[in-house]
Every structure is written in structure tokens, then in C-alpha cells.
Amino acid sequence: MAEDQENNDELVIEEGADAAALAQQQQIAAMQKAASEIDLVVLPLACINEGKGAPLSMGVQRWLAQELARTGLKAAAPVFTAIAEQQGRKVPALLVYKDPWVDARALEGAARFPNATRLIAANFSVSEEQLTLEVRLSTVHRGEGDETTVEVEVEGEEGEEAKTESRTVPGRLETVGTWTFESKAETVGEKFLEALKTVGEATGQTVEHDSWQTAFKTQNPQAMLSFLVGLGNLSALQGRTVPATTDQLINPLMDAINRDPAMDPAMEALHAMVDLIIGIQPDRTATPLCLQALSIAAQRRKDDAEAWHHLAAVARRMGDLPTAINGFNQAFNLEPTNIQIAVNFIQTLRGGGDTENALKVAQHAAEQGNDGPPVLALLGSLLIEKDDFDAAEPFLRRAVEEGKIPSAYGDLANVLWDRSDDDTDEQKEDREEAMTLLATAVGLNHVAKSAIEMLLDLAMEEEDDKATELLLGAGEKHATNAAVLTSLTTFYVEGENPEEARPWLEKLLALPRRSLDDDAFARRTMLALEIDEFEERYEVAIDNVNSGDPGKQNEAAVFLREVIAKDARYWQPHLMLALAVRESEGDAAALSHLMNAVRLRPNDGQIRQLIAAILRKQGRPREAVEHLRAVVALNPRDVEPVISLATCMRDANMFAEARQICTAALQMIPNQPQFEAILASLPPAK
């Protein structure tokens, strides 16, 4: 936890094929290393009853591998995929085996794990009456001369019959044991545990569970089955496939939690699934559905701090600060000594402008014994904001000495710089220590904003040569840190030769990942270098756009087009040009410019609302709905965008969706007249 706790939840711009390729190569290398360490491969269960029960079979496969790994075996449960076409795109699709396992195919599956010495190939059949599991444990031989012959059917030439040919697969399987388990629904848990223990014994391992209830941590058979289906869905997601919609992926785990809220494995799987779904975002409702699932789970598991914490983190990502703050508060009350919960709670309050309560939480955490360096660093920083420098110093010193928290170096230097009287020995000593702290901060693997901002202030306002030297050194060492690059840009732009900022701007714009604000800053600053008197002319153009005077708006449009010609990826001129030409050139022209703006600034509610208004005016409410959804996601506690969304859905004949939104809204705001009016205007539900 010695890392700086500053965070940035903004959207980021990602560019650079080289960076993406490097990340992919690193991921592949990590996967290959992990695969090389596997000793036992649990192959996907073949669903021999026409592929029925595939999610359950994948859950059983994953559970067997997990439990065997707990005994000390290096076990893996791979997911095999093939490329399929979906809505015109090539995507990975799950391979569901419907034929019983044969040696050649099993060896091909195990080939991805070069050092595996054993494998499990099982056939799975499920019907309304019973479940059957045929398990075969084999030793894998890969020596010289070890190969397996398989007969394959090859299509003949046109007019000829198919032929059978023999081919060989490297390796040979030697059967250790074969077991068959049959069960009705009410005893399936016992049979799964029996299969696990049998395989464990055959591999020389001991399975500690004395009952299926202790193995699955539930007394409820249906909760166990729902959990296994959810675990199968999780395996599919981790195998980079999206086998179903978000609600279909989540529902089995939610069913398990609803049936048995104390079932920890189901909650652990839900945590992992939510993180994957939000990362993949298979559909536009992914994040709200994940938020809803975590909210229900937290309510069902009121004493689970991690459930509340995860709910809060997802809510914060959506911009729903009230829900986030409530979730962090619940988690903090349950575990006040948890460093990560305290840090996230404090940062969320602070980010929302509530520094008073952020300070109270930080002080309470420290009083409760939560004295982790990241918490102390935040406490010291908040005390500085209150101008209580003396109280901040001991906390910042501990954060530096015990945790080397990057932000604490700059904050402690800030405390020391001006605390002593001018021209005294104490001031000299304090400032020397402060500069030493800043030099150390620059030398860390990550340099915090607090240190960079102080160096910038000293370099610009006090013209301190040492601070200037350290700032330039930070630029060399941290050439991919956006805060460093923006500070150096500011230093030169406001100096005697603004042109010296150009190399730093070019580095900032070349970052593979940067926030939208950093990107906008860099582009606007670069325009100031490219266009004479840019800032003055740009401010005049904005005033002209907002004046409502057609002549001034046309004049502004000419300049804005000049700006866009210089850099078409700076978002604001597109928005201002749309406003400038809407009256003179019409909605279609304005919409074209707005669409350029929203591609560059997708999280801007004003742009989305303007687009939606024009689309509705043009009789295209279904297209407007997509933009209003984004506005609601950006302002989840604002009622007006929700009303606009429900109204637009009604106009687009999306009656079920409109009814769902109004019903949910009325649960939050009973008797709200506009939602009631929209509901009343909808046709009867089918």
C-alpha cells in the first residue's frame, strides 16, 4: 500500500498500436508462464446430452479444479473457444463439446499445458430425471514414441464419398481410473463431493470437506446449483467469451445469494463477475445491472464490508456519489481499520467537495487504529487544506517514513517551506529538508501531483533554480506522467519562450493513455502556439456564439472552422461551431458538428442533451434514447434527464422500457406527477 492514492475516474483516451501490442504480448507471456506450471488439467466436461447444461458443467469443471488446487495440486480448468461471426464481427465463442472425450482430442486440449502430467476428461449428462458424470483420470506421457492414432473423416472430392484417414497426435494417455456418478437433484451435492474425493485420493491428495454443505458453504441444494451455473458463466467470461446478456450472467449468482445470503463462494464469484462485466461491457446496461446486483447483495449481506465497498466503487464509477458515499460509509462502519475502504471513502468525500467530512473520516480512522501510511497521508493533506500545518506534520512524516507515500513528500515539503520566520536558521533548515523531500519524491517510481505542483510554484513564483532543475529532472524520469508533462508545459508557456513547451506537449499527446482533460489541455495549448493571439480570439468567439447575434455567430463560425482545421481532435470548437451555425445553417449542420464533439467528449452531458433534442425534433426518438441514457448515467440523481429519457422512450414506442423506468422512479419519488403522467399515457402492458 505504499503507492500514491491519487486516482482519476475520468474516461481516458487510448492511442498507440505499439502500446496495445506490448500489453498483449505481456499478457500472453504471463499466461504461458502460468500454463507451464500446471500439473493437472481438468478439461471442459463434454455435455453428451445434446449440449444441455453447459453452464452447469463449466461450473462443475471449475469447482473441481479449484478444490483440487486447494489440496496442493497445480490444477487448471481451461475454457476453449473458437472464432465466430456475431452481428458482422469476429468474436470468440464458447466451444461446448457434445461428443464423449476420446484420447486424441483430450491430448490436443492438454497440449496447451506443456508440463501437465495428468488430466481429467469427464462426460456430463443432465436431464429432468437425473445427472450423470463419467470421470476419467489419466497420466499424460510425452516421451519419444508416445503418440495416439485417431481416425478422422475427410470430405471427398465433388461426387465422391467421404473417406476415413488416420492421423497421429503427440502424446499418449494411460488411464489411472474411471468412475461414474449418477444422482437425482436432491443428492447431487453429495455426488459432486464424492467425485472430488475419489479424484483427490487417486492423485494422492486429501480433500478435507466432510460434507457437501461444508464444501459449498450452504445447506441449500438449489443455491449450490445456482452457484455452479454462475461459476460456469464466470469461467466463460474469464475465457474471453460473453455467452449471454448481463442479467443472464448475473442472475444465477443472485439466485444463490437470495436463497442463502451467507454463501460466501457465491459472493466471491459475484465480485469477480462484476469486475469482468464492467471491464468488457457487453451491453449498455452492464454497469447499472451490476450496480443493482451489488446493491441487492449488500442488503442481503448487511455485515459484509466488502459487498458494500464494491457497491460503492461501482457507484462512484457511474458518478452516483450519494450511493457511493453511503456504500463506503456502511463498509467503513463495519471495518474502520480496513485501509483500502478508509482511503476510498475519504477520497470520494474529498472528490465530491466535502472536505469537512473527509477530514472527520480520516481522523476517526486514525483514532480507531487505522494508521496505515495511505490514511495518514490523506489526513495530513486534509489538515493542510484547513491551514492546520502543525497538526499535519506528524502524520505526513509517518506516511513518508513508514510507507513512502508519494503524495506525502510534496505535502510535507509544503508544511516545511513557509513555517519558519524569514531569514532564520530554522527557515534555512526547513527549506533544505523540504527540497530534499522534493528531490526524493522525484526519484520515486511514481511522483505525485503534490510534489510536482510545489516544484512548479517554486520554479515560477520564486524562480528557484533547484526547483526548476528538479522539475526538468521529473520530465526526464517520468516522461509518461501526465501531471509532470502538463506542469512543464505550463512552466514554459507562461515563461519568456512559450515555444519551449512544444516538446512536452508532443509527449503529452503521444501518451497511450491520458485523461480527456489532459488531452484537451494539450490540444488547446498547442493551438495557442500555432495560431496568433489564439486565447484572446477564442474567448471572443465564444462570447460571440453566446451573444445570440447572427452576425457575430457567423464571424465566430469562421474562426472556429480555422481552429478545427488546425486540430480536429479538440472537442470544444466542434460544440461551439454547432451552436454558432444552428440558426443559420439548420439542425442537420449543427448535429454533424455535435456528433464530432461527442466522439471526442463522450461524457459531456450538454453535448448529449443537444444531440437528443435535435434528434427528437427530427422525429428520431429511438436514436435520441441512446444519448439520453448516457446523460442519465452521468447524472443518476438528477430527475429531469430521467423524465426526458422516459418521455423519449414512449415517443419511440419503447413502452416496456419507459414503464420500467417510470415504475422504478416512482419507487424512489412516490407520486411524482411527471412520471405518473408518462405511465398513464402508455398503452396497457401485455
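Which residues touch the most other members of the largest nonpolar core? They are Trp-63, Leu-68, Leu-133, Phe-216, Phe-227, Leu-270 and Leu-438, in a core of 139 residues. The model is predicted: local features need pLDDT of at least 70 and side-chain atom pairs count only at pLDDT 80 or more, while totals for chains, interfaces and linings use all residues. Residues are numbered from 1 along each chain as its sequence is written, and side-chain values use heavy atoms, with hydrogens and water left out.

Figure 1. Of the 686 residues, 48% are buried (buried is under 20% relative accessible area, exposed over 50%, partly exposed in between, with a 1.4 Å probe and protein chains only). Domain 1 comprises 38–156 + 163–216, and domain 2 comprises 540–681; these bounds come from an automatic or database domain assignment. The C-alpha centres of domain 1 and domain 2 are 53 Å apart. Among contacts between residues at least 6 apart in sequence, 60% join residues at least 24 apart, where contact means heavy atoms within 4.5 Å.

Figure 2. A nonpolar core is a set of buried Ala, Val, Leu, Ile, Met, Phe, Trp, Tyr and Cys residues joined through side-chain atoms within 4.5 Å. Leu-133 belongs to the largest core. Leaving out residues up to four places away in sequence, Leu-133 touches Leu-45, Ala-122, Asn-123, Phe-124, Trp-179, Thr-180, Phe-181 and Ala-195. A second, separate core holds 55 residues, including Ala-557, Ala-578, Val-598 and Val-632. In soluble globular proteins, nonpolar side chains tend to be buried together.

Figure 3. In the model, residues 305–338 are 82% helix and 0% strand, and the end C-alpha atoms lie 9 Å apart.

**Figure 4. The pairing of H29 with H31.** The axes of helix H29 (residues 639–651) and helix H31 (residues 673–681) come within 10 Å and cross at roughly 10°. H29 and H31 are therefore roughly parallel to each other. From H29, the contact involves Val-639, Glu-640, Val-642, Ile-643, Ala-646, Thr-647 and Arg-650; from H31, Gln-674, Phe-675, Ile-678 and Ser-681. Axes are lines fitted to C-alpha atoms, for helices over the stretch in contact, and angles run from 0 to 180 degrees between N-to-C directions. Angles under 35 degrees count as roughly parallel, over 145 as roughly antiparallel, 65 to 115 as roughly perpendicular, and the rest as oblique.

**Figure 5. Asp-464 in a loop between two helices.** Asp-464 sits in the loop between helix H18 (449–461) and helix H19 (465–477). Asp-464 is buried, with a relative accessible area of 19%. Apart from neighbours within four places in sequence, Asp-464 contacts Trp-417, Met-435, Leu-458 and Ala-459. Glu-194 is 270 residues from Asp-464 in sequence and 74 Å from it in space, C-alpha to C-alpha.

Figure 6. Pro-550 lies in helix H24 (residues 550–566) and is exposed, with a relative accessible area of 55%. Pro-550 and Ser-584 are 34 residues apart along the chain, and their C-alpha atoms are separated by 7.4 Å. Glu-562 also lies in H24 and is partly exposed, at a relative accessible area of 34%. Beyond residues up to four places away in sequence, Glu-562 touches Ile-531 and Arg-537. The C-alpha atoms of Glu-562 and Cys-662, 100 residues apart along the chain, are separated by 45 Å.

Figure 7. Most residues other than glycine have a negative phi. Lys-217, not a glycine, has a positive phi of about 60°. Lys-217 is in the loop between helix H5 (212–216) and helix H6 (221–238) and is partly exposed, with a relative accessible area of 46%. Asn-653, likewise not a glycine, has a positive phi of about 65°. Asn-653 occupies the loop between H29 and helix H30 (655–668) and is exposed, with a relative accessible area of 54%.

Technical notes:
Helices (H or I, at least four residues) and strands (E, at least two) are DSSP runs, numbered from the N terminus.
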